[in-house]
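Look at the chain below and keep it in view.

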Amino acid sequence: MKAIWYEQPGKAAEVLKYGDLEQPEPKAGDVRIRVHVSGINPSDTKFRSGWMGLKQPYAKTVPHNDGAGVIDAVGEGVSASRIGERVWIYEAQRGTAFGTAADYVVVPAHKAVPMPASLDFAAGASLGVPAMTAHFSIFSDGPITDKTVLVHGGAGAVGAYAIQLAKWGGAKTVLATVSSDQKAAVAKQMGADATINYRQDDVVSQVRERVGKQGCDRIVDVALAANIAINAKLIARNGTIATYESGNAANVEIPFYDLLYKNATLRTVLVYAMSDEAHQVAIRDINQAITDGAVQHLIAAHYPLNETAIAHDAVNSGKLIGKVVVDI
């Protein structure tokens, strides 16, 4: 089968190889998927690059955790009725050397999620990491019916899903920070009630103008080091700040008493460390929201498999809005 792999961390163009690998076979409890589209996340490119000392534990690594395709074989203990099923894939490369950047991938059966009929393969490959991260950030501390939500980076992959899932979940008001008029338009398309350009406006005053001094019940953050002081001012009493990135800062100074006096929760979110139950709840809700017509998918660019290195650089450029996918 055709695949992309690397044997040591480094720059995409220098370490990613394209060629033939042996086609995998499913073991007990597994399914094999004929991959149609592979999705790229920043965590995939960071792992490939050796970011912050990440080690390369395998002789050959086929990258990418997200994808979508059709089950073509099953292992012992998995019903043969699943053959031919259209699925979206999550965390394919977690704990293994073999991700979705290949003609075929084998994953445990529960990581191959039946796709709603309305979902195409590119959209399916855009779920996984960003949609599950967004879901956990929004719902990990309970229902959000009639709550107020602030999403930092509302045009990003996680941010866009966070806005939509918050609206689907019954939030009263969803606000989003953005860095440009183009990204403001995207966040509003996703359902944000209002946007604040953090490069031009005072985020605290703009949010308070819209929701009052009581603040926001949930804050979803993509750059905690830059936003922690803002978040401490805007989080409501008994609210939750859920952050999945620090802005690449290894250490973040926390305004402890500002959070303490509000009994606020600061929650870090790593999709790969979520419990099995949290994954299953996310799968259920994501598929239901899609079935309900409440979710749009931002696909920034398509690349062929043999241009995966270029696709990795496109992800890291920060210039694209939405998910970068590889057509297999």
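The buried residues of helix H7 are covered by, among others, strand S8 (148–152), strand S9 (173–178), strand S10 (194–197), strand S11 (216–221) and helix H8 (224–234). Contact here means heavy atoms within 4.5 Å. Helices (H or I, at least four residues) and strands (E, at least two) are DSSP runs, numbered from the N terminus. This is a predicted model: local features need pLDDT of at least 70, side-chain atom pairs count only at pLDDT 80 or more, and totals for chains, interfaces and linings use all residues. Residues are numbered from 1 along each chain as its sequence is written, and side-chain values use heavy atoms, with hydrogens and water left out.

Which residues of H7 are buried? H7 runs over residues 203–211, and its buried residues are Val 203, Val 204, Val 207 and Val 211. They sit on the same side of H7, because they cover an arc of only 95 degrees around the axis. That arc is taken from the directions from the helix axis to the C-beta atoms. Buried means under 20% relative accessible area, exposed over 50%, and partly exposed in between (1.4 Å probe, protein chains only).

Now check the two ends of H7. At its start, a side-chain oxygen of Asp 202 comes to within 3.2 Å of the backbone nitrogen of Val 204. After H7 comes Gly 212, with a positive phi near 90 degrees.

Just after H11, Gly 318 has a positive phi of about 75 degrees.

Next, pick out two single residues. Thr 243 lies in strand S12 (residues 235–243). Is Thr 243 buried or exposed? Thr 243 is buried, at a relative accessible area of 4%. Its side chain reaches the backbone oxygen of Asp 221 at 3.4 Å. Beyond its neighbours within four places in sequence, Thr 243 is in contact with Asp 221, Leu 224, Leu 266, Arg 267, Thr 268 and Val 269.

Gly 75 is in the loop between S4 and strand S5 (86–89). Gly 75 is buried too, with a relative accessible area of 7%. Leaving out residues up to four places away in sequence, Gly 75 touches Pro 26, Lys 27, Ala 28, Gly 29 and Asp 30. Gly 75 and Arg 32 are 43 residues apart in sequence, yet 8.2 Å apart in space, C-alpha to C-alpha.

Now go inside. A nonpolar core is a set of buried Ala, Val, Leu, Ile, Met, Phe, Trp, Tyr and Cys residues joined through side-chain atoms within 4.5 Å. The largest one has 56 residues, and those with the most contacts inside it are Trp 88, Leu 127, Met 132, Ile 138, Ile 163 and Ile 286. Elements giving two or more residues to this core include strand S4 (66–74), helix H4 (128–139), helix H5 (157–168) and helix H10 (276–291). Apart from this core lies another, of 23 residues, among them Ala 301, Ala 311, Val 315 and Val 326.

Finally, step back. The chain has 11 helices and 15 strands. Buried residues make up 54% of its 328 residues. Among contacts between residues at least 6 apart in sequence, 71% join residues at least 24 apart.

Conventions
A polar contact is a pair of N or O atoms within 3.5 Å; within protein, one must be able to donate a hydrogen and the other to accept it, and residues adjacent in sequence count only if both atoms are side-chain atoms.
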